[in-house]
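Biologist: Hi! Could you walk me through this one before I set up my calculations?

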Amino acid sequence: MLTPPLAIPVNPRTFGRRVVSLRGVASLFLCAFVFSANALAPQGSSQLPPKSPGRYLERMSSGGLNRQYVLRVPSAYNRSRPLPLVVLLHGWTGTAAAIESHTGFGDKAEREGFVLAVPEGLGRPQAWNVGFLDLTGNQHPNDAAFVADLIDQVKKEVGIDPNRVFVAGHSNGAMLAHLVGAKYGDRVAAIGVVAGTIGLPSSQLRVKSIPPAVRPVSVMILHGRKDGMVAYDSRAQALLMGIGAPRSAQWWAQADGCPGQPTLSVSPDHNVELTRYAGGRENTEVQLMTINNGIHDWPGGSNELGRERTTHISATDVLWDFFVKHPRRG
C-alpha cells in the first residue's frame, strides 16, 4: 500500500517573532512561500483526503464484523477536485477481484477517472444478505448497512462527489444494489442492476421484497430473457422465480414518481429493447434494457469461454453512461 506524504503544518505565529540569524531569515522566507502557494491552490483541494492513486485491499468494521473491499483510485485523482464513486457488488459464489476483472470496471475506472470500491461478501461461497434472501450462512450480516458504511469510509480516504455515488451489481449483488437504493437513497444517486430482482415468493403465496424507497434514485436494469438463474418475468423458466425485470422497473418508476407511460426503443438487430420511464422526482428516471438472447451473464464481460460477444453490448459501458447522465440533482 502506498503511504501518503506527511503534511507539515505552518504556524502563523512564527511570523511575529524577531529574526536574529540568516537561518531564521531563510525559515521566514520559506514559510511565507508556502503560505503564498497554499493561497494559490485550487479552492477546497487542501481539504480533500491525500490517498494516492493505486489499487488497495482495505479492511473495515461494519455491524461488528470485519469486512474487506478492493479500492481503486485512478491516476486522475490529484486532490484538486472530488471524483465519482462506483460500488460494484459481485454475485453468489463471486469475489471482488473476479467481478472487478471480468466486468472490466477496474480498467473503466482508470480510463474514465472515477473511484471504484468492490466489497467482498461473506459465507462459503461468498454471498450477500439482501433481506428477502440470505445466502451468507449463519452470520446474517446487514449488508445494505455495510455498503452504506463503505461509502462513508471511502469518503474519508478519497475526495468523493456526494452527488455522484453509484452502486452496481450482478445477480445476488444486483439484489443488494436494489436494497441499497431503496434504503440509502440519501447516499446514492443511481443504481445499475444486471440479472437481479427486487423480491422472491415466501410462504402463504406472499412475496418478500425490498422496502419502500426513502428517496428517489435513478435505476438502470439489464436482464436477459433466457436467464436460467433469475427469471426475467413470470413466463420464464429459472431457478429463482421472483419479481421479474419488467415489474421491478415498474416498481421503481412508481417509487420515483415517473408520470405517464414508458417509451420503447428497439435496436436495429431487434435483440435489445429499451423501456424508459422519465420525469421522476428529483430528475430521476428508470430504464429497463431487455436482452432477448441474454443469459445469466454480464453482457460484454469475460467468462470461462472468453469474452461474451453474443449480446453485442457492454453492460459496463451502458451502466457508466447511465451514471454519468444521472447525478443527484434534487
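Modeller: Happy to; we can go through the pocket, the strands and then the chain overall. Keep in mind that this is a predicted model.

Biologist: Thanks! What volume does the largest pocket have?

Modeller: Its volume is about 660 Å³. The lining of the largest pocket is made up of 40 residues, and H170, S171, M229, H296 and D297 lie nearest the centre.

Biologist: How do the lining residues divide into nonpolar, polar and charged?

Modeller: There are 17 nonpolar, 18 polar and 5 charged residues in that lining.

Biologist: And which strand gives the most to the lining?

Modeller: Strand 9 does, with 3 residues. Strand 9 covers 218-224, and helix 2 (96-102), helix 5 (172-183) and strand 13 (302-303) also supply at least two residues each.

Biologist: Switching topic: is strand 3 buried or exposed?

Modeller: Buried: 7 of the 7 residues of strand 3 (residues 83-89) are buried, so the strand is largely enclosed by the rest of the structure.

Biologist: Which strands does strand 3 pair with?

Modeller: With strand 5 (residues 160-170), strand 3 pairs in the parallel sense over 6 bridges. Strand 4 (residues 115-119) also runs parallel to strand 3, joined by 3 bridges.

Biologist: What are the partners of V86 there?

Modeller: V86 has F166 as its bridge partner in strand 5, and stands opposite L116 in strand 4.

Biologist: Nice. How many helices and strands does the chain have?

Modeller: The chain has 7 helices and 14 strands. Of its 330 residues, 49% count as buried.

Biologist: And what about the accessible surface?

Modeller: The accessible surface of the chain is about 16500 Å², with 54% belonging to carbon and sulfur atoms.

Conventions. Residues numbered from 1 in each chain as written. Predicted model: local features only at pLDDT ≥ 70, side-chain atom pairs only at ≥ 80, totals over all residues. Heavy atoms only, no water. 1 Å grid on protein atoms, 1.4 Å probe; cavity = no way out; pocket = protein on both sides within 12 Å on 5 of 7 lines; lining within 4 Å. Points joined across faces, edges and corners; volume = space filled by probe spheres on them. Helix = DSSP H or I, 4+ residues; strand = E, 2+ residues; numbered from the N terminus. Nonpolar A, V, L, I, M, F, W, Y, C, P; charged D, E, K, R; others polar. Buried < 20%, exposed > 50% of the residue type's maximum accessible area, 1.4 Å probe, protein only. Areas by Shrake-Rupley, 256 points an atom, 1.4 Å probe, with all protein chains shown as cover. Pairing = 2+ DSSP bridges.
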